[in-house]
Amino acid sequence: MEDYFERILNLAWQLRQHLTQFIENVFGCIDWIPQRHEVQFSAYYGGSLPDTGRYVHGQSSALSISNTTEELSISSTTEEQAAHRISEITIFRNGVSEICQRSYASWSSYILRGYRLGERLALHLRGLCSLFVNEINTKLTRSLHRFWTTLQGSSEDIGWLQRTQMSLYSVDGTSRFQELLHDVRNGMHYLPDTLVYLLIPGLFSNHSPLYFLNTKRFFSRMGLTCHIAKIHSEASVEKNARELKLYIEELYWGSGKQVLLLGHSKGGVDVAAALSLYWSELKGKVAGLALVQSPYGGTPVASDILREGQIADRETRRIMELIVCKLIKGDMRALEDLTYDKRKDFISRHRLPVDELPIISFHTEASTAPTVLATLTRIAQAELLPLLAVAPLPRFLSEYAESLLASLKLPVVMPVSAAMAVTALHLRLRYGESSDGLVTRCDAEVPGSVVVRPERRLDHAWLVFSTRSRRRAEADATQVCEALLAMLVEIGGKRRRCLIEEIVT
């Protein structure tokens with residue numbers, strides 16, 4: 001009976017060994033279990049474990065009962081052995097329970113780790129998706145902003161000067177200008193020879209030899225001292241303002257006469273900047289200022305070309321830098337200073353003395369009729385026989401020689417009026433503003449000045465260049481300039497009389 005019980009115990013031991021090996025192979029983390037319980041079995045069995053071990057390994061060793069004394073000793077210790085076997089079964093049961101618990105703990109830890117790994121992967125994937133969505137949103141917002149900036153253009157900037165300086169009321173002098181122009185055309189001249197007349201050309205005038213040339217000749221024939229300012233028109237406004245300040249002082253100290261100024265286009269902006277920056281030094285030396293088609297408040301053409309944040313802004317700027325800096329050898333600041341942002345900054349920092357100096361603002365509207373597209377403007381001339389131009393001639397032959405030399409000069413013409421008509425039509429369709437092709441009428445008015453608004457359609461280049469089809473029934477550019485300067489002299493005289501009356505009273 002005991003032999004069978006011991007065999008069952010050995011079989012259980014063998015099953016335990018195989019189960020432990022199976023669990024070890026599966027989980028690979030419980031190598032300590034067999035050795036631990038083997039030590040416990042050895043402690044409880046004492047000298048009987050080697051016999052059991054031999055049975056487990058296939059060595060069939062029979063239990064020999066040598067004598068009756070040994071059987072009695074065995075029977076006397078049966079209860080103790082049974083107690084030991086019960087404790088062994090308990091130990092075995094606890095070991096199996098511990099193995100199962102550890103296996104469950106291992107599986108739980110693996111599941112928890114897998115869950116945490118999946119959670120990290122999900123969070124990382126969500127972060128990547130968020131970054132991707134943010135990048136798309138940023139690019140889409142930037143593209144929409146560029147599109148909106150391009151579409152909006154200068155719509156909010158045009159006329160800003162009139163809206164911000166509404167306290168300075170301008171006076172309409174159109175009717176008086178028409179009267180003076182009519183008198184000038186009929187041979188009545190009001191310009192005194194006690195003044196020096198200085199004409200300030202606009203942008204790119206260095207590449208236009210005929211800029212203000214006819215006006216200067218016309219004034220010289222009347223015996224007036226007239227000069228065309230020799231400045232680098234493609235330079236910045238502040239640089240030209242410094243040069244004009246020195247030029248005005250030179251004319252004043254050289255002749256002892258006040259200087260009457262007429263600036264066209266950017267030339268008006270340059271000379272207005274000179275008066276704003278150096279009025280304390282030029283006060284008393286300048287008799288008046290006429291701004292003719294000058295973008296005193298800025299121009300949408302320059303702003304739309306150089307505006308940052310619009311579509312293809314960098315490419316457009318590179319093209320303009322190539323044209324202005326490389327081809328014309330100018331300065332990009334000459335064009336940047338005509339933008340609305342630059343003009344707002346300059347005017348806010350430097351005030352023009354409109355209350356101390358007679359100032360006229362003259363602006364026109366360009367014609368957009370289809371016939372203008374066929375108009376050619378003479379911007380230069382090629383002399384075929386330059387030797388005759390310098391040869392001394394008798395005085396009685398001077399008029400005949402001048403006409404002869406004029407017939408021997410080949411005019412250089414360009415469709416400037418056509419280009420101005422296209423630009424004026426673009427500004428009218430896009431912004432609903434009338435312009436001379438480059439400057440809108442509201443941006444050419446200086447608040448507090450005398451404003452001349454002729455109804456005649458004249459483009460931006462008409463005043464300084466002559467067209468091939470002259471209309472003798474209408475006034476030319478030289479007569480318009482004379483009427484404007486005569487109006488300045490008249491306004492200055494009225495101011496002096498009013499000042500004298502105030503002093504007397």
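In these legends, a residue is called buried when its relative accessible area is under 20%, exposed when that area is over 50%, and partly exposed in between, with a 1.4 Å probe and protein chains only. The views come from a predicted model, in which local features need pLDDT of at least 70 and side-chain atom pairs count only at pLDDT 80 or more, while totals for chains, interfaces and linings use all residues. Residues are numbered from 1 along each chain as its sequence is written, and side-chain values use heavy atoms, with hydrogens and water left out.

**View 1. Two residues other than glycine with positive phi.** Phe-212, at 1% relative accessibility, counts as buried; this residue lies in the loop between β2 (195-200) and α8 (213-221), and its phi is near 65°, a positive value in a residue other than glycine. Gln-293 likewise is not a glycine and has a positive phi of about 50°. Its place is the loop between β5 (286-292) and α12 (300-306), and at 2% relative accessibility Gln-293 counts as buried. As background, most residues other than glycine have a negative phi.

**View 2. The whole protein chain, for orientation.** The protein chain holds 19 helices and 10 strands, where helices (H or I, at least four residues) and strands (E, at least two) are DSSP runs numbered from the N terminus. Of its 505 residues, 41% are buried. The accessible surface comes to about 29000 Å², with 59% of it belonging to carbon and sulfur atoms; these areas come from the Shrake-Rupley method with a 1.4 Å probe, and for residues only the protein chains shown count as cover. Among contacts (heavy atoms within 4.5 Å) between residues at least 6 apart in sequence, 82% join residues at least 24 apart.

**View 3. Asp-337 and Ser-236.** Asp-337 is placed in the loop between α14 (332-336) and α15 (340-349), and Ser-236 in the loop between β3 (225-228) and α9 (237-255). Asp-337 is buried yet has no salt bridge, the nearest side chain of opposite charge being that of Lys-342, 5.3 Å away; here Lys and Arg count as positive and Asp and Glu as negative, whereas His and the chain ends are not counted. The side chain of Asp-337 instead reaches the backbone nitrogen of Val-237 at 2.9 Å. Leaving aside neighbours within four places in sequence, Asp-337 is in contact with Ser-236, Val-237, Lys-342 and Arg-343. Ser-236 counts as buried at 8% relative accessibility, and a polar atom of its side chain lies 3.4 Å from the backbone nitrogen of Lys-239. With neighbours within four places again set aside, the contacts of Ser-236 are Lys-266, Asp-331, Arg-333, Ala-334 and Asp-337.

**View 4. The salt bridge between Lys-344 and Asp-157.** The structure holds 21 salt bridges, a salt bridge being a side-chain nitrogen of Lys or Arg within 4 Å of a carboxyl oxygen of Asp or Glu. In the pair shown, the closest N and O atoms of Lys-344 and Asp-157 are 2.9 Å apart. Lys-344 lies in helix α15 and Asp-157 in the loop between α5 (78-152) and α6 (160-164), so the pair ties together parts that are 187 residues apart in sequence. Lys-344 counts as partly exposed at 27% relative accessibility, whereas Asp-157, at 16%, counts as buried.

**View 5. Glu-365 and its two arginine partners.** Glu-365 forms a salt bridge with Arg-428, with 2.9 Å between the closest N and O atoms. Because Glu-365 lies in the loop between β6 (359-362) and β7 (377-383) and Arg-428 in helix α18 (residues 416-431), the pair ties together parts that are 63 residues apart in sequence. Glu-365 also forms a salt bridge with Arg-457, where the closest N and O atoms are 3.9 Å apart. This second pair links distant parts of the chain, since Arg-457 is in the loop between β9 (450-452) and β10 (466-467), 92 residues apart from Glu-365. Glu-365 counts as buried at 15% relative accessibility, while Arg-428 is partly exposed at 40% and Arg-457 is partly exposed at 45%.

**View 6. Nonpolar cores.** A nonpolar core is a set of buried Ala, Val, Leu, Ile, Met, Phe, Trp, Tyr and Cys residues joined through side-chain atoms within 4.5 Å. In the largest, of 49 residues, those touching the most other members are Leu-198, Ile-200, Leu-261, Leu-275, Leu-289, Tyr-296 and Leu-352. Apart from it lies another core, of 41 residues, including Leu-191, Leu-195, Val-452 and Leu-485.

Definitions and conventions:
Polar contact = N/O pair within 3.5 Å; in protein donor to acceptor, adjacent residues only side chain to side chain.
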